[in-house]
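Hello,

Here is the structure I promised to pass on to you. Have a look at it, and then read on for what turned up.

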Amino acid sequence: LRAGRLLDKAGRRQMERDPFSRWAIEHGSYVFGVERPYEYLRRMKAFTTRKISKRVTQDFLLLAGNEDHYMPIRHFHRQARALANVRSFTGRIFTREESAQTHCQCGNLGLALNVMLDWIDERTASRG
């Protein structure tokens, strides 16, 4: 209980100092339906693929932006390594030159969608 209050205080202080932190905590709190920074951090910590990545056996497409403001690129590489038993792995890191370097490739959604559709078409044709 006390740790929660301390984390709330630290989170609110960080939100006052840094607009990105404010956005991340407010947006994350909205997404998870919580009100306090501590609750957001607890909910976010629960979202991990650590226990299931090795159990994935189908084809896998992993996308990332190399300047994602929310997910560090090291998470892409960590996830790629964790998918040890997939049938096939395709990884794609989008760049500033493509205007797709940010979270969810929001600068160039068309490119991201085309990559996804091409990947699906390739898998469908090879299984046809």
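Leaving aside neighbours within four places in sequence, His103 is in contact (heavy atoms within 4.5 Å) with Asp68, His69, Tyr70 and Met71. With Asp68 there is also a polar contact of 2.8 Å between the two side chains. A polar contact here is a pair of N or O atoms within 3.5 Å; within protein, one must be able to donate a hydrogen and the other to accept it, and residues adjacent in sequence count only if both atoms are side-chain atoms.

Before going further, please note that this is a predicted model: local features need pLDDT of at least 70, side-chain atom pairs count only at pLDDT 80 or more, and totals for chains, interfaces and linings use all residues. Residues are numbered from 1 along each chain as its sequence is written, and side-chain values use heavy atoms, with hydrogens and water left out.

Where does His103 sit? You will find His103 in the loop between strand S2 (89-94) and helix H5 (109-127). Helices (H or I, at least four residues) and strands (E, at least two) are DSSP runs, numbered from the N terminus. His103 is partly exposed, with a relative accessible area of 23%; buried means under 20%, exposed over 50%, and partly exposed in between (1.4 Å probe, protein chains only).

The largest nonpolar core has seven residues: Val56, Phe60, Leu62, Ala64, Phe76, Leu83 and Val86. Strand S1 (residues 60-65) gives the largest share of this core, three residues. A second, separate core has five residues, including Met15, Ile25, Val34 and Tyr40. By nonpolar core I mean a set of buried Ala, Val, Leu, Ile, Met, Phe, Trp, Tyr and Cys residues joined through side-chain atoms within 4.5 Å. Not counting residues up to four places away in sequence, Val56 touches Leu83, Asn85 and Val86.

Finally, the overall picture. The protein has five helices and two strands, in the order α-α-α-β-α-β-α along the sequence. Its radius of gyration is 18 Å, well over the 14 Å that the globule rule gives for 128 residues, so the protein is more spread out than a compact globule. That radius is taken over C-alpha atoms, and the globule rule is 2.2 Å times the number of residues to the power 0.38. Along its principal axes, the C-alpha trace spans about 55 × 35 × 25 Å. Buried residues make up 27% of the 128 residues.

Best wishes
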